[in-house]
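Below is a briefing on one structure, grouped by topic. Please read it alongside the sequence and the coordinates.

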Amino acid sequence: EWPLRPGSQTIVTVARDKRESKMLLFVLLIGVVTFYNSFDTIKKWLYQQKFRHIPGPPVDSFSKGHGATLGNAKKDNAFLETFLHWRSLYGNTFKFFIKTRPVIFSVDPEVLREICQDVVNFIKVDHLPNRSLFGQRITGTYSILTGGGQEWAIKRKVMSSFFAKQNMKVLFPKLVVLMDSLLEKKIKPKVGDGTVLDLHELYTMIFSAIPGAMGLECDMGVNYPEEIGRIVNIFLDVIPHQLRNKDTLERLSFQMSLAKQKTTQMVIDMRTMGKEMISEKRKELQLMDESEPPTNDLLAWLIKANDTAGLTDEEVTDDIMTVYLVMDNMSKQLGSLFIYLINYPEIVEKLKKEIRENPITDYRSLSKLRYTELVILESLRLAPVLLRGTRWLNKDVTVGGYHVPGDCQFQYSQYVLHRIEEYWPNPREFIPERFEHGVPNVESFSYFPFLAGARACLGKHLAMIAMKLTLSMLLSNFELTPVPTETKPEIVQNMAVTRLKGGPFYQFIPNQSTGYVNVTNEPNSTQDIQV
């Protein structure tokens, strides 16, 4: 053996000590991580025990909760059907798990009444996906739809005057003129004898034009509403990509994709367009010597509402974006209606007969379209635009007979509620006549497609008028026949708001039009549309 050189032993010893130190550090790190995971697991388990007395389905696994079950249900477009099944097993109020966190789900009408009326304890969650798109602001946190707190309450009080029934009568003539214009300029030119159209796309164009008739007078909104509708639906298609787990390759790849960049730029462009409209409207308002905005000018009222709440033009822009997103809800509602009507030709015939025998001449004539109203109400039951909702519980409450700890998520579903046989005989059948003697179950909170209480939909009267006008315009002028397609049209259940897939597609054959004649502004009419 060769003898070691002077100092070599020291070098070997130091190297060995370094290796041992690294090994000790690694073992220590593993121990810390293990301790933290064990502590975190115990903490989550202890939190779950607070909900042990509330019934619910068994979890797929401790760490994933009901992720596998709900993930498979989404693939089969049976997400809310799963909750309907769980409700049949565990009652109107039960718990399920998002990963390790318990969530309370309820379709108990008394619980829903409390959720709708107590906006202080049951608050909107602060991470609604439509508030921003990968960091780019869409509707923000103070809009009339997604906001909360004192500013939101002030804005809502101001805007309730604009959306009141009495003011809808003032707006009515402008809506009729708009429908006639869309019919002549946008619909008839593209409809030949036997043309097939996607009804959802058609309705999107129609309802995207309505804000332009109410004061949002940008060139695109007035002359090219189909473009605004297309952009809004791109937003709605891209927004769900934000809900992927942050560490998934799918989400990361989408963040770097051209589609994400283009959509983000569309949001920026629409917000820029909104700010330009606000600037022009403020100039107009400065020239007016009036304490109140014009009754038929939505943008002027949005400006007043935000000024009253001490907010800025950024928040007015949020509201403009909100208006366009919400208008698309009406297109989905009528699209969903015609998906159901594919299987009910006798209802379509009855609907056409009433509409053609009662042409719209003024606001009061809408009340003659009684069966049309029943059909819309039934579609709002079976296919509400708002399929489900989420609230965050601030403090401990007792609901549905169970004590629920605070700092907990609450979910409810109109889709599930409207399919409970105790409230709705033959719940899966499309039966407009069930509303013949008024709207049942509204007071009992087992029918609330427009929500209720402090967060009831401000635009519900406008929505009913616009949907009646649209149905009257189309069924007066065209014969509509459903067209079979390879992909069956369906209502997608996965999101909180209805999404349509695969149409529906209908063939349009021109019919002798009854048109709209002698439209008058009758704000003192005593005939009201039931909602």
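**Sheet, salt bridges and burial**

K99 takes a positive phi near 55° in the hairpin of strand 1 and strand 2, which has two residues between the strands. Helices (H or I, at least four residues) and strands (E, at least two) are DSSP runs, numbered from the N terminus. This is a predicted model, in which local features need pLDDT of at least 70 and side-chain atom pairs count only at pLDDT 80 or more, while totals for chains, interfaces and linings use all residues. Residues are numbered from 1 along each chain as its sequence is written, and side-chain values use heavy atoms, with hydrogens and water left out.

**Sheet**

- Strand 1 (residues 93-98) and strand 2 run antiparallel and are joined by six bridges; two strands count as paired if DSSP finds at least two bridges between them.
- F94 has F105 in strand 2 as its bridge partner.
- Strand 2 also pairs with strand 10 (residues 408-412), in the parallel sense and over three bridges, and here V103 stands opposite Q409.
- Strand 3 and strand 7 (residues 389-393) are antiparallel, with two bridges, and I123 stands opposite W392 in strand 7.
- The order of the open sheet of five strands is 1-2-10-7-3, and its pairing is mixed.
- Strand 1 and strand 3 (122-123) are at the edges with a single partner strand each, so one side of each has no neighbour in the sheet.
- Five of the six residues of strand 2 (residues 101-106) are buried, so this strand is largely enclosed by the rest of the structure. Buried means under 20% relative accessible area, exposed over 50%, and partly exposed in between (1.4 Å probe, protein chains only).

**Salt bridges**

- The structure holds 30 salt bridges, each a side-chain nitrogen of Lys or Arg within 4 Å of a carboxyl oxygen of Asp or Glu.
- R137 pairs with E315, the closest N and O atoms being 3.1 Å apart. R137 lies in strand 5 (residues 136-137) and E315 in helix 13 (residues 313-341), so the pair ties together parts that are 178 residues apart in sequence.
- R137 is partly exposed at 28% relative accessible area, whereas E315 is buried at 10%.
- A network of salt bridges links R137, R271, K275, E314, E315 and D318.
- E479 and K352 form a salt bridge with closest N and O atoms 2.7 Å apart. With E479 in strand 11 (residues 478-482) and K352 in helix 14 (residues 345-357), the pair ties together parts 127 residues apart in sequence.
- E479 is partly exposed, at 23%, and K352 is buried, at 8%.
- E373 and R370 meet in a salt bridge (2.8 Å, N to O); both lie in helix 15 (residues 370-382), three residues apart, about one turn of the helix.
- E373 is buried, with a relative accessible area of 4%, and R370 is partly exposed, with 27%.

**Helices and burial**

- Helix 17 (residues 460-477) has 17 of its 18 residues buried, so it is largely enclosed by the rest of the structure.
- H200, in helix 7 (residues 199-209), is buried at 10% relative accessible area. Leaving out residues up to four places away in sequence, H200 touches N233, D328, S331, K332, L500, G503 and P504, contact meaning heavy atoms within 4.5 Å.
- A73, in helix 2 (residues 67-75), is buried at 6%. A73 and N494 are 421 residues apart in sequence and 8.8 Å apart in space, C-alpha to C-alpha.

Key:
Expected span 1.5 Å × (residues − 1).
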